[in-house]
Amino acid sequence: MTIQRHHHITLCVGTAQEDYDFHTKVLSLKSVKKTALYDGDVPIYHLYYGNDHGEESTLVTCFPMRQSGRKAHRGSGQTRTLALSVPVSALGFWEARLKSHGYAIQHSERFGEKVLGFQHPCGIAYELVGIADDPRKPYSNGQVPPELAIRGTHGITVSVRDTELSEEFMAVGWNGTKVGTDGAYTRFHVGNGGTGAIVDFHREPDLKQSSWLYGEGIVHHTAFQVASREVQDKVKFHLEGIGLTDTSERKDRGYFESIYVRTPAGAMFEATVSKPEGMTIDEPYEKLGTAFQVPPVFASKREEILAYLEPLHY
């Protein structure tokens, strides 16, 4: 199984402070890394949130874009919803907690799972999904008891005008398994399936095409874990062999290495290999997320970058 599960999901959000407070103070995730986007010549924060060690499939990473002034628009051909896993017994706790912080809640049920829907402050759709058994170890900051805390990613929802090409991509290009439909939703599992390995496609035929450029208010890409560089190479060669020849070269992202591909609908997926040191490659576990880490490609511009980036209090 080449594609194992989610690795991380990356969003383009509003301000750094708004995003940091949302993820650490409301959702009670751990800030495991504060660094900058490796691409481009204008520095942008890259903030990582997850469990205590920042393990694969627990990571949400964010580019705060408001400082750049660039806005995006949500639409078809884009991952539009991020779902996180919590114990099903914790849904009442999370509904009360989110409401106490001023978030509106929408109740729904999909594929037999109870769902609490709400929005990131920049408008991106979030869900908490009640799961009976999720073995991933959560982070607890003391405000949310460990037995009620977020376990990691559950699934993503990709908006599409029709599902035919996306289903072909998942089956032929991404070793996904179709597990069923629920109204306008079609669900695929990757790897061993289950929470942390779910891709849903939502058929919305009248929705306009979404943004592809960096800009506030969208999910930029979803990364999926693969076991090694050798497997990653096989994924790339396979994608190119079935006609997706714009699959990227391997890119060093500091904590992992990535190749990117535009799925037929337009959503960007990534095949990711973690480095053995993971999040501790530039700071020890005891200090994860406590200081800004300048990407090696910008090491000579450290002071310039720190002076340019918006203030972030933590």
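Tyrosine 48 has a relative accessibility of 1%, so tyrosine 48 counts as buried; the word means under 20% relative accessible area, while exposed means over 50% and partly exposed lies in between (1.4 Å probe, protein chains only). The structure is a predicted model, in which local features need pLDDT of at least 70 and side-chain atom pairs count only at pLDDT 80 or more, whereas totals for chains, interfaces and linings use all residues. Residues are numbered from 1 along each chain as its sequence is written, and side-chain values use heavy atoms, with hydrogens and water left out.

### Aromatic pairs

Rings of Phe, Tyr and Trp (its six-membered ring) pair if their centres lie within 6.5 Å; planes under 30 degrees apart count as stacked, over 60 as edge-to-face and the rest as tilted. By this rule the count comes to 17 aromatic pairs. Two of them are listed here.

| Pair | Centre to centre | Angle between planes | Class |
|---|---|---|---|
| Tyrosine 48 and tyrosine 255 | 5.7 Å | 75° | edge-to-face |
| Tyrosine 103 and phenylalanine 118 | 6.4 Å | 80° | edge-to-face |

Helices (H or I, at least four residues) and strands (E, at least two) are DSSP runs, numbered from the N terminus. Tyrosine 48 lies in strand S3 and tyrosine 255 in the loop between strand S14 (251-252) and S15, so their pair ties together parts that are 207 residues apart in sequence. Tyrosine 255 counts as buried because its relative accessibility is 2%.

The pair of tyrosine 103 and phenylalanine 118 also links distant parts of the chain, 15 residues apart. Tyrosine 103 sits in the loop between helix H2 (91-100) and strand S6 (106-110), and phenylalanine 118 belongs to strand S7 (residues 113-119). Tyrosine 103 is buried, with a relative accessible area of 16%, and phenylalanine 118 is buried with 2%.

Two strands pair if DSSP finds at least two bridges between them. An open sheet of eight strands, with mixed pairing, has the order S2-S3-S4-S1-S13-S16-S15-S14. Its edge strands are S2 (30-36) and S14, each of which pairs on one side only.

Strand S1 (residues 5-13) is mostly covered, with eight of its nine residues buried. S1 pairs with S13 in the antiparallel sense over seven bridges; the bridge partner of histidine 8 in S13 is alanine 223. With strand S4 (residues 59-64), S1 pairs in the parallel sense over six bridges. Threonine 10 stands opposite threonine 61 in S4. Aspartate 252 stands opposite glutamate 257 in S15.

Rolling a probe the size of a water molecule over the atoms shows where empty space is left. On a 1 Å grid over the protein atoms alone, a cavity is a set of points where a 1.4 Å probe fits but cannot get out, and a pocket is an open set with protein on both sides within 12 Å along at least five of seven lines; lining residues have an atom within 4 Å of a point. Grid points are joined across faces, edges and corners, and a volume is the space filled by probe spheres set on the points.

There are four cavities of 30 Å³ or more. The largest cavity holds about 90 Å³ of space. It is lined by 14 residues, of which Gln78, Val219, His220, Arg262 and Met268 are the closest to its centre. Strand S5 (78-87) and strand S13 (218-225) are the elements that give two or more residues to this lining, and S13 has the largest share, four residues. By class, the lining of the largest cavity has five nonpolar, eight polar and one charged residues. Here Ala, Val, Leu, Ile, Met, Phe, Trp, Tyr, Cys and Pro count as nonpolar, Asp, Glu, Lys and Arg as charged, and the others, Gly among them, as polar.

The largest pocket has a volume of about 220 Å³. Its lining has 18 residues, and the closest to its centre are Asp39, Tyr214, His221, Arg253 and Tyr260. S1, S3 (45-50), S4, S13, S15 (256-262) and S16 (268-274) each supply at least two residues of this lining. By class, the lining of the largest pocket has eight nonpolar, six polar and four charged residues.
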